[in-house]
Amino acid sequence: MKNTKSLRVLIVEDSEDDALLIIRALKKGGYDPVHERVESAAAMKKALKEKSWDIILCDYKLPGFDGIKAITLLKEANIDIPFIIVSGAIGEEVAVECMRLGAHDYIMKGNLSRLCPAIARELQELEVRNKKVQAESKLHESEERFRILTESSPTAILLYQNNKWVYSNSA
């Protein structure tokens, strides 16, 4: 396939046929999906622990498991992965509740044409979040180096900014 983008997809879905429809929509949308289908909390935990995923696509209602439990499981794993509910007929209130709890989007199974644009958007937003976390980490490291250098200096260091003293070291 030309110009396909690799995509590691965890599909939380009890219907193999629905999972195959999702895979077909991904391929049609220009992705080359590497996927695993899970149906239970235990299987999802195992998949999250053992492999790295780009996105999670989750049906809302499964036997003994649902989208809200899956969102909770992802939060407990403390992994930042875009999570999209892909379901049949659930009401607007349930969709809003899922998004309030941490789902990034909601796609109706009957409208899979929205799936690939939603995935592209969520992957871009994840990249932005990751860059922000990296920038904040670098800023924290820089601030810590500044603090160590200034506090260990035998020379007085004063910082005057906007007509006021904002910093002085112990010297």
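Strand S8 (residues 158-161) and strand S9 (residues 164-168) run antiparallel and are joined by four bridges. The model is a predicted one: local features need pLDDT of at least 70, side-chain atom pairs count only at pLDDT 80 or more, and totals for chains, interfaces and linings use all residues. Residues are numbered from 1 along each chain as its sequence is written, and side-chain values use heavy atoms, with hydrogens and water left out. Strands (E, at least two residues) and helices (H or I, at least four) are DSSP runs numbered from the N terminus; two strands pair if DSSP finds at least two bridges between them.

**Hairpin**

- Tyr-160 has Trp-165 of S9 as its bridge partner.
- Two residues lie between S8 and S9 in this hairpin, and Asn-162 takes a positive phi near 55°.

**Parallel sheet**

- Five strands, in the order S2-S1-S3-S6-S7, form an open sheet with parallel pairing.
- Strand S2 (31-38) and strand S7 (105-108) are the edge strands, each pairing on one side only.
- From one strand to the next, the twist averages 25°.
- S1 and S3 pair in the parallel sense over four bridges, and Ile-11 has Leu-57 of S3 as its bridge partner.
- S3 and S6 run parallel and are joined by three bridges; the partner of Ile-56 in S6 is Phe-83.
- S6 and S7 also run parallel, with four bridges joining them, and the bridge partner of Ile-85 in S7 is Tyr-106.

**Faces of the sheet**

- In a regular strand the side chains alternate between the two faces of the sheet.
- S3 is covered on both faces: Ile-55 and Leu-57 on one side, and Ile-56 and Cys-58 on the other, are all buried.
- Buried means under 20% relative accessible area, exposed means over 50%, and partly exposed is in between (1.4 Å probe, protein chains only).
- Helix H1 (residues 16-28) lies across S1, S2, S3 and S6 and runs at about 165° to S2.
- Angles run from 0 to 180 degrees between N-to-C directions, and axes are lines fitted to C-alpha atoms, for helices over the stretch in contact.

**Ser-87**

- Ser-87 lies in strand S6 and counts as buried because its relative accessibility is 4%.
- Leaving out residues up to four places away in sequence, Ser-87 touches Asp-59, Tyr-60, Tyr-106, Ile-107, Met-108 and Lys-109; contact means heavy atoms within 4.5 Å.

**Nonpolar cores**

- A nonpolar core is a set of buried Ala, Val, Leu, Ile, Met, Phe, Trp, Tyr and Cys residues joined through side-chain atoms within 4.5 Å.
- The largest such core has 24 residues, and those with the most contacts inside it include Leu-10, Met-44, Leu-48 and Phe-83.
- Strand S1 (5-12), helix H2 (41-50), strand S3 (55-58), helix H3 (67-77), strand S6 (83-87) and helix H4 (92-101) each supply at least two residues of this core.
- H3 gives the largest share of this core, four residues.
- Another core, of 19 residues, lies apart from it; among its members are Ala-19, Ala-25, Ile-107 and Leu-112.

**Packing of H2 on H3**

- The axes of H2 and H3 come within 11 Å and cross at roughly 35°.
- The contact is made by Ala-41, Met-44, Lys-45 and Leu-48 of H2 with Ala-70, Leu-73, Leu-74 and Ala-77 of H3.
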